[in-house]
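Please open the structure in your viewer and keep the selection tool at hand.

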Amino acid sequence: MSSNTTDHQLVSLTVNGTEREVVLDSRRTLADTLRHDLGLTGTHLACEHGICGACTVLVDGRPARSCLMFAVQAEGKQVRTVESLSDDGRLSDLQQAFADHHGLQCGFCTPGFLMLAEGFLAENPDAGRKEIREAVSSNLCRCTGYQTIVDAVEHCAAARRGHQEGNVQ
Amino acid sequence: MSHTHPAPSTATLVGSAVPRREDPRLLTGRGRFVDDIDVPRMLHAQFVRASVASGRLTSLDLSAVREVPGVVAAFTADDLELNAITAGLHRPPEEYVPTGMPVLARDRVRFVGEPVAIVIAEDPYAAEDGIEAAKAVYDVLPPVLTEDAALAPDAPLVHEEAPGNTLLDVSLFATEGIDRIFADAPCTVRVESRTGRQNALPLETRGALAQWDAREEQLVVHTCTQIPHQVRTVMANCMGLDERAVRVVVPDMGGGFGIKCVVGREEIAVGAAALRLGRPVKWIEDRKDALTASFLAREQHYGLRAAFDADGHILALDADVVCDMGAYSCYPFTVGIEPLMASSEMPGVYRVPAYRVRGRAITTNKAPTAPYRGVSRPQYVMAVERVFERAARELGLDPVEIRRRNVITEFPYTGVNNITYDPGSYLESLDLCEKSLRDEGWYTRQAEAAEQGRHLGIGYSCFSERTGYGTAAFAQRKMKVVPGFDLAEVRMDTTGALTVTTGTISHGQSHETTMAQIAADELGLELHKVKLHQGDTERITYGWGTFASRSIAIGGSAVRRAAGKLGERLRALTAGLLDVPYEDTVLDKGRVRLRDDPERGLSHVELAEVAYLRADLLPAGTEPGLTATASFDTLSDGTFSNATHGVVVELHEGTGQVEILRYICVEDCGVAINPTVVEGQCRGGIAQGIAGALYEQVTYDAQGDPECTGFMEYKMPTAAEIPDITIHHLETPSLITETGAKGAGEGGTIGAPAAVLNAVNDALRPTGVELENTPVRPEQIQLALEQAAHEHKESAPA
């Protein structure tokens with residue numbers, strides 16, 4: 001960040017529930033800020049042109065490509081990364097579903113898929129397999145052939161619905 | 001050679017779908033990939049790359065680069081003075097021309113993207129600013145971009161030492177009298193099959209972080225490679241260092257699929273820059289460079305001719321294989337890997353009595369190639385499977401029936417290619433695959449669809465793949481550097497916990513789980529007592545890494561052997577301490593007990609305490625400590641996994657799109673250490689095979705400029721294109737590995753292109769069109785369907 005050609009800005013954003021202030025180049029991406037300024041390396045970069053989705057995080061609750069956002073654009077926003085999903089090292093239901101269904105192999109694209117699915121299911125809790133497959137098709141995976149990722153998200157969604165119905169009763 | 005049979009009956013973990021031990025780390029964002037490692041005083045590198053496909057670099061001015069704010073240094077080939085990366089084969093000059101790949105090109109550039117300088121800056125943004133400021137002037141030469149152009153009589157030469165742009169030209173087999181067989185045969189068929197250039201495309205691009213450790217007097221390089229020990233060897237050679245002065249460490253790796261099993265020039269340059277500057281230097285390849293300047297794969301041409309008798313038995317196969325290897329030979333495999341693989345293994349699962357083959361590697365002004373998951377087998381299986389489909393049509397036979405009449409059914413079987421195949425389930429997998437599709441009603445649906453004017457096709461592919469190539473198999477190729485064996489070490493600590501170290505390295509294949517399953521069973525330990533350590537050249541003397549589906553077959557066998565040796569030591573220690581005969585001891589659930597007196601025994605913890613902390617108690621002649629090492633090599637022709645893939649597709653009139661309606665894979669990889677992991681390997685491989693059959697292709701324009709510079713141009717399939725896949729397992733244990741496991745890494749990639757192409761052609765059958773090249777794109781299918789519709793209209797009654 002010592003490049004002198006660009007101006008520096010103070011950016012305030014909330015990351016995983018904690019308010020953070022960072023001074024950075026205005027051209028610095030949100031992905032680089034999360035990874036290298038804030039040390040949250042769970043968010044990965046695989047194409048840096050917004051196609052693969054490995055860098056997906058939630059910005060104000062919705063999936064966003066952190067490689068396509070400048071960090072300054074996150075001023076005042078709530079950002080959630082993969083590090084927010086588990087509580088005290090215990091896997092969340094979504095993470096557990098990925099483990100149960102072998103929805104990851106090398107694990108590099110996985111944080112992006114998790115955040116995509118987390119955001120998608122929050123907005124579409126009743127999504128069926130076809131819609132899930134369509135949503136999941138916005139990220140790329142080279143290991144799994146996708147089927148087990150779809151399985152994981154589908155089972156997580158079903159379990160969440162079952163849980164909610166159980167609560168109602 | 002060991003003839004140990006599969007895992008003992010006491011085994012509880014081998015064969016179980018135990019949960020992956022990698023997952024909690026990777027799911028919580030606590031994986032550690034190369035770019036996750038930041039160290040103090042770290043600099044960042046990017047490469048100035050050639051902008052012409054072929055030319056002389058007449059001047060390279062980096063003065064403006066060095067003025068860019070944040071740039072610390074910029075080095076050319078002259079600055080770094082590194083030896084070229086040179087792989088080789090022991091073959092005569094008329095068969096093979098060795099060529100070196102300079103770490104940075106000096107005066108001659110051979111493809112767009114070739115690195116000519118390294119720029120180092122305080123941050124990655126400044127490094128990118130830096131490369132923009134480089135001023136390179138080229139004397140542009142006419143590029144050679146296709147097979148035909150490379151082999152044309154007056155073609156410009158990519159390497160001046162290689163006449164005809166041919167780096168390898170071998171004729172490995174030529175059965176006597178084969179021409180007469182063709183002349184006399186009742187049926188001969190011809191197939192011309194070309195496969196597009198592909199990118200293996202791991203989601204994590206390549207990258208390296210190099211730093212000098214003054215205390216250890218070592219250059220420590222964290223890099224994502226499938227072959228850490230070979231990177232160490234080459235790095236030391238290029239830099240003129242003792243090999244002990246280099247340590248290569250592989251952290252978590254985001255896929256490799258083969259292109260990370262060769263030594264890249266960039267990681268060497270990064271190491272040299274770090275040494276020069278006395279500061280850590282990190283390089284992370286961007287996606288554009290990964291698509292254009294990394295290693296590519298697959299572009300091959302098969303000209304096959306086959307003779308059949310009237311009953312559909314193949315009599316002879318005559319093959320001409322040309323592989324477009326791009327601009328440079330890869331280390332350690334060389335340009336020979338693809339044509340030699342195809343030449344020696346093409347008869348595959350079929351009893352081919354007469355065989356002639358010529359295999360060539362040609363060089364062109366395109367990015368160099370590396371082995372990519374499957375290595376020539378996806379291509380030759382596709383070509384050979386086309387041969388059988390074509391013969392079935394000529395002879396009026398069912399495509400499954402003609403295969404049934406030709407697959408090898410007696411084992412061991414020594415082929416015309418001098419390879420001995422170990423037992424497999426070639427016929428059984430074919431039968432089960434066909435039965436599954438028939439039972440599900442796909443043949444009925446196909447007939448119904450035809451009546452409605454829809455185009456459903458059913459296609460198969462049948463193949464075996466040699467897995468776990470040992471030293472003998474690679475030596476047969478006459479490689480100067482011969483892969484094959486692997487090593488393992490096991491170490492039990494004072495608490496009875498076990499660390500297993502291997503020379504193989506997982507980049508998604510779940511070794512942390514599967515290797516632990518093998519070791520835990522062997523020692524009667526619970527899984528959580530075993531941990532795998534991999535990917536650090538300081539931790540194990542040498543290793544051949546992970547490629548060719550070798551890790552479980554060879555590395556896993558070494559692990560079982562090492563664990564077995566440690567088990568012997570634990571039993572000997574117990575025998576000494578309890579004063580009983582060695583033969584009376586058995587390993588059982590975390591302890592060694594007496595065979596006939598289960599109550600009497602010593603736990604691993606008690607034994608480990610004695611071995612380290614109470615050496616005074618050690619029986620005479622017993623060494624302190626609890627470690628063991630072992631090596632393993634498949635000394636015969638290796639072991640052969642096999643599978644049949646069955647696919648149903650529908651071709652959509654109006655768009656030419658291919659929709660995969662059903663995909664069934666019947667696979668046999670011997671003992672499946674972890675069935676979930678095997679299925680994952682199959683599905684992932686099949687997805688890459690489908691990608692090659694229908695979607696992916698790297699293309700260049702007429703000047704040799706890459707046309708696929710991002711994911712907008714390179715069509716990698718998503719969840720919308722890859723169907724659900726059903727996998728049936730057969731199990732023919734390998735008799736030559738310690739675990740009974742064969743290999744499972746590559747099969748999916750091998751079987752899918754042929755099965756998909758055959759299904760497409762089955763659907764196109766009414767049109768009379770047969771497509772033989774991949775990828776099959778909608779426009780070709782559309783054309784064939786329109787032609788069929790036109791003919792249908794013409795022939796319809798008025």
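Begin with the lining of the largest cavity, whose residues divide into 22 nonpolar, 16 polar and 5 charged. Here Ala, Val, Leu, Ile, Met, Phe, Trp, Tyr, Cys and Pro count as nonpolar, Asp, Glu, Lys and Arg as charged, and the others, Gly among them, as polar. The model is predicted: local features need pLDDT of at least 70 and side-chain atom pairs pLDDT 80 or more, while totals for chains, interfaces and linings use all residues. Residues are numbered from 1 along each chain as its sequence is written, chains are lettered from A and ligands numbered from 1 in the order in which they are written, and side-chain values use heavy atoms, without hydrogens and water.

Select next Gln509(B), Ser549(B), Arg550(B), Gln681(B) and Gly745(B), which lie nearest the centre of this cavity among its 43 lining residues. A cavity is a set of points on a 1 Å grid over the protein atoms alone where a 1.4 Å probe fits but cannot get out, and lining residues have an atom within 4 Å of a point. The volume of the largest cavity is about 560 Å³, taken as the space filled by probe spheres set on the points, which are joined across faces, edges and corners.

Now colour helix H19 of chain B, which gives the lining its largest share, 3 residues. Helices are DSSP runs (H or I, at least four residues), numbered from the N terminus.

Contact (heavy atoms within 4.5 Å) takes in 56 residues from chain B and 50 residues from chain A. Select Leu27(B), Tyr125(B) and Leu203(B): they supply 19% of the area that chain B buries against chain A, more than any other three residues. Together the two chains bury about 4300 Å², 57% of it on carbon and sulfur atoms; buried area is the accessible area (1.4 Å probe) that two parts lose on being put together, summed over both.

Which residue of chain B meets the side chain of Arg129(A) in a salt bridge? Select Asp724(B), where the N to O distance is 2.9 Å. A salt bridge places a side-chain nitrogen of Lys or Arg within 4 Å of a carboxyl oxygen of Asp or Glu, and 6 of them are counted between chain B and chain A.

Key:
1 Å grid on protein atoms, 1.4 Å probe; cavity = no way out; pocket = protein on both sides within 12 Å on 5 of 7 lines; lining within 4 Å. Helix = DSSP H or I, 4+ residues; strand = E, 2+ residues; numbered from the N terminus.
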